[in-house]
Amino acid sequence: MALETAVEQAHGRVPITVLALDGELDASNFTAVVETVRGLYDAGHRHLLLDLTNLRFMASSGLVALHSIVRLMHGEPPPDPESGWGALHSLGQDVALGSTQAEVQLCGAQPAVERVLVRTGLSRLFLVHPDRSSAIAAF
Amino acid sequence: MPDRDAPGGPGVDAILAPFRGIGPTLSIVIDDASGERVGGTSSDDAPADSLARDIVAGPLAGGRVVAWGSLVDTPLAVASVESLAVALGIAHTVGGAGIADVVAARRIEQELAHGRRLQRGFVSLVAPDVPGYELASHYEAAREVGGDFFDLFRMRRRGRPLSVVIADVTGKGIAAALLMAFSRPLLHAAVDNTTGPAEALERTNRILVQERHSSLFITALCATLALPSGRLRLANAGHEPPLIIPGDGSPVLSIEVEGPILGAFDSLGLFEAEIELGGGDVVLFYTDGVTDAQAASGERFEDHRLLAAIEAARSELPGHGSAAEIVESIRAAVTDFQAGVAPADDITIVAIGRRRPSVRGGRRQPPA
């Protein structure tokens, strides 16, 4: 259930940070991905492309990661999935994202991953591109 | 930790079991109940298991442990001899961790075990009596507390339709279990007080979003079944699509009515699907713990194995795929596939079969 991540820089109309996910995104590693993005945001990265070309599997906890990543890249405190019950997280605002946000975009989702995104409606939060080059051109 | 008097009797061997194999580096100092130093060992003394037997079964039972050696930095003056036995068992499990870690680990473990028991209480239900139908279900908790739940109940309105809710809180752990505990009665009440499954899910979503109880999401599928007609209405918020297994042996159908997950969007815009269950038809609901189940090789169970397990029940079992046979066939296939590995995610399977009218003993019921 390993997941490897790689960070690369790309240049479209804006500087783009590409985070490539390789392996399986599930309950055992989704918080690590969120932490990676937190580090990127803190280091000044503002446009994130998640390259899912080599992501073979995404469990439902992967959705929590994607959601947190969008919030992080908006400069909002990401929800902490562990604090649960008493946490005062503002889910309402990200839902105001209802119109697709542009800071975080996706590319290369394989059928198994795309199916999860579509089934759960999370795909409506993202612009999803077929591959990296078309995604970079779209930023 | 247990704080009993001398355990003695048949419990001793069980308490000692974790000591087997603890090395000779263990050293322990023990005072009796009056505070007098009465026992102990230093590093090269007797093997720990015989020492432990002496402690627990012997005259020291009921005394106090003031220190134990190489496993700890500070004396633990409050431990009973019996709790020492338990803690050492854990210390053995976690290696050379300090006592603070051991105690903390033990506490977390106890809380999680308690959480799991509570959660099972929420999930394990008394199936309602539904004349003319067969209900079957299987629920298996993950290694870590997960967030699956299902609910089968007769609604309060005219005709007492059967309602089915199956849901999966994303993520794991206490947060998921708490959100499950919060959401289950919410969905139940919503189903009972709305005109249909789509509205019930919309209402639940609104509460989840507005009250912001958690950052987690919920996939949920909600259905109502009118009993005399077999008319099944359902709506789906991001959950695995249910399957219809026709009683006439024709291919399994997936009910592809989709909608977004609960808790992420202000409104869902759900549609309902409506189908009619005929005699011998089975409708199957499940969570992704089934299709995401993983073998030691890393391979996932996936849809094709699910379908194969259903077909096996239809072709090989005496009931030609009754609700109970289908649930059991899938459960067995997932268990075999995982080959003894505890599931990483909760597994929930629910099947509802409409009995064939010709089955004697099925007591034809007049409409309520």
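In the predicted model, helix 8 (residues 302-316) and helix 9 (residues 323-338) of chain B pack with their axes 8 Å apart and at an angle of about 130°. Because angles over 145 degrees are needed for a roughly antiparallel assignment, helix 8 of chain B is classed as oblique to helix 9 of chain B. The crossing of helix 8 of chain B past helix 9 of chain B is right-handed. On the side of helix 8 of chain B, the contact is formed by Arg305(B), Leu306(B), Ala309(B), Ile310(B), Ala312(B) and Ala313(B). Helix 9 of chain B contributes Glu325(B), Ile326(B), Ser329(B), Ile330(B), Ala333(B) and Phe337(B). By residue class, this contact comprises 9 nonpolar, 1 polar and 2 charged residues.

Chain B also contains an open sheet of 5 strands, in the order 4-13-12-9-10 and with antiparallel pairing. The edges are taken by strand 4 (133-140) and strand 10 (253-254) of chain B; each has a single partner strand, so one side of each lacks a neighbour in the sheet. Within the sheet, strand 9 (residues 243-245) and strand 12 (residues 282-286) of chain B run antiparallel and are joined by 3 bridges. In one of these strands, strand 12 of chain B, Leu284(B) is the bridge partner of Leu243(B).

Helix 8 of chain B packs on this sheet, where it touches strand 9 and strand 12 of chain B. The direction of helix 8 of chain B makes about 25° with that of strand 9 of chain B. Helix 9 of chain B likewise packs on the sheet, touching strand 4, strand 9, strand 12 and strand 13 (347-354) of chain B. The direction of helix 9 of chain B makes about 155° with that of strand 13 of chain B.

Helix 5 of chain B brings Leu179(B), Phe182(B), Ser183(B), Leu186(B), Leu187(B), Ala190(B) and Val191(B) to the contact. These residues meet Ala200(B), Leu201(B), Arg203(B), Thr204(B), Ile207(B), Leu208(B) and Glu211(B) of helix 6 of chain B. The contact of helix 5 with helix 6 of chain B consists of 10 nonpolar, 2 polar and 2 charged residues.

Terms used:
Residues numbered from 1 in each chain as written. Chains lettered and ligands numbered in written order. Predicted model: local features only at pLDDT ≥ 70, side-chain atom pairs only at ≥ 80, totals over all residues. Heavy atoms only, no water. Axes fitted to C-alpha atoms, helices over the stretch in contact; angles between N-to-C directions. Helix = DSSP H or I, 4+ residues; strand = E, 2+ residues; numbered from the N terminus. Parallel < 35°, antiparallel > 145°, perpendicular 65-115°, else oblique. Left-handed = near helix turned anticlockwise from the far one by under 90°. Contact = heavy atoms within 4.5 Å. Nonpolar A, V, L, I, M, F, W, Y, C, P; charged D, E, K, R; others polar. Pairing = 2+ DSSP bridges.
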